[in-house]
Amino acid sequence: PGEAMQLGDRVAVMRNGRIVQAGRAEDLYHEPVDLFVERMFSEINELPGIVTDAGLETPFGTFPAPKLSVGDKAVLCVRRRAVWLAKPGQDGIPGRVLAARFRGDLKQLSIGVTGLDQPLVSLVREAGAPAVGDEVKIRVDPAGTLVFPAEAQE
């Protein structure tokens, strides 16, 4: 992921011999047409759910799902940089750091959260990053999220 953005001024994403989306790399990153394209341009956490009248409900709140109907299976895509560690005194979902990986000035954290099938992956500044085993509180930046139909995973 991400390497496609360095290939040229315009990028075409193909699946099964058909163009799924074409345009500037920035446009495909910010406005992917489906989960397939999102996966090509971002490292993401995927949280499955069912759409309700309010939207896609997750442990991190309810997210708009304007193109989906009540009862549809959906996936909330959360970009790794949008998984934040709550500051002292802030609300957040409790979790535990399961693994940490050095990535230059960033650290990639795998965080176990009760109620989620998979750990969340977060990229945080290395300075002051929690250690493996530390209890943390997690917040999700809505600006780093997208909702897609679950069928787009196939």
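**Note on charged pairs, a hairpin and the core**

1. At 41% relative accessibility, Glu 26 counts as partly exposed. This is a predicted model. Arg 24 is also partly exposed, at 40%. The side chains of Glu 26 and Arg 24 form a salt bridge, with N and O 3.1 Å apart. Asp 27 joins Arg 24 and Glu 26 in a network of salt bridges.

2. How many salt bridges does the structure hold? There are eight. Side chains of opposite charge can pair when their charged atoms come close.

3. Take Arg 80 and Glu 43 next. Their closest N and O atoms are 3.8 Å apart, and the two form a salt bridge. This pair links distant parts of the chain. Arg 80 sits in the loop between E6 and strand E7 (83–85), while Glu 43 sits in the loop between H2 and strand E3 (44–50). The two residues are 37 residues apart. Is Arg 80 buried or exposed? Arg 80 is buried, because its relative accessible area is 16% and the cut-off is under 20%. Glu 43 is partly exposed, at 33%.

4. Asp 34 and Arg 15 make another salt bridge, at 2.9 Å from N to O. Asp 34 lies in the loop between helix H1 (25–30) and helix H2 (35–41), and Arg 15 lies in strand E1, so the pair ties together parts that are 19 residues apart in sequence. Asp 34 is buried, with a relative accessible area of 11%. Arg 15 is partly exposed, at 25%.

5. Arg 79 lies over the face of Tyr 29, at 4.0 Å from the ring centre. The count of aromatic pairs is zero.

6. Now the hairpin. Strand E1 (residues 11–15) pairs with strand E2 (residues 18–23) in the antiparallel sense, over five bridges. Ala 12 stands opposite Ala 22 in E2. Two residues lie between the strands. Asn 16 is found in this loop. Its phi is positive, near 55°. Most residues other than glycine have a negative phi. Asn 16 is exposed, with a relative accessible area of 76%.

7. Last, the core. The largest nonpolar core has 22 residues. Leu 47, Phe 60, Val 78, Leu 120 and Ile 138 have the most contacts inside it. Strands E6 (73–79), E9 (106–113), E10 (120–125) and E11 (135–140) each give two or more residues to this core. What does Leu 120 touch? Beyond four places away in sequence, its contacts include Leu 47, Phe 60, Val 83, Leu 109 and Ile 138. Asn 45 and Ser 110 are also among them.

Conventions:
Residues are numbered from 1 along each chain as its sequence is written. This is a predicted model: local features need pLDDT of at least 70, side-chain atom pairs count only at pLDDT 80 or more; totals for chains, interfaces and linings use all residues. Side-chain values use heavy atoms; hydrogens and water are left out. Rings of Phe, Tyr and Trp (its six-membered ring) pair if their centres lie within 6.5 Å; planes under 30 degrees apart count as stacked, over 60 as edge-to-face and the rest as tilted. A charge sits over a ring if NZ of Lys or CZ of Arg is within 6 Å of the ring centre and within 35 degrees of the ring normal. Two strands pair if DSSP finds at least two bridges between them. Helices (H or I, at least four residues) and strands (E, at least two) are DSSP runs, numbered from the N terminus. A nonpolar core is a set of buried Ala, Val, Leu, Ile, Met, Phe, Trp, Tyr and Cys residues joined through side-chain atoms within 4.5 Å. Buried means under 20% relative accessible area, exposed over 50%, partly exposed in between (1.4 Å probe, protein chains only). Contact means heavy atoms within 4.5 Å. A salt bridge is a side-chain nitrogen of Lys or Arg within 4 Å of a carboxyl oxygen of Asp or Glu.
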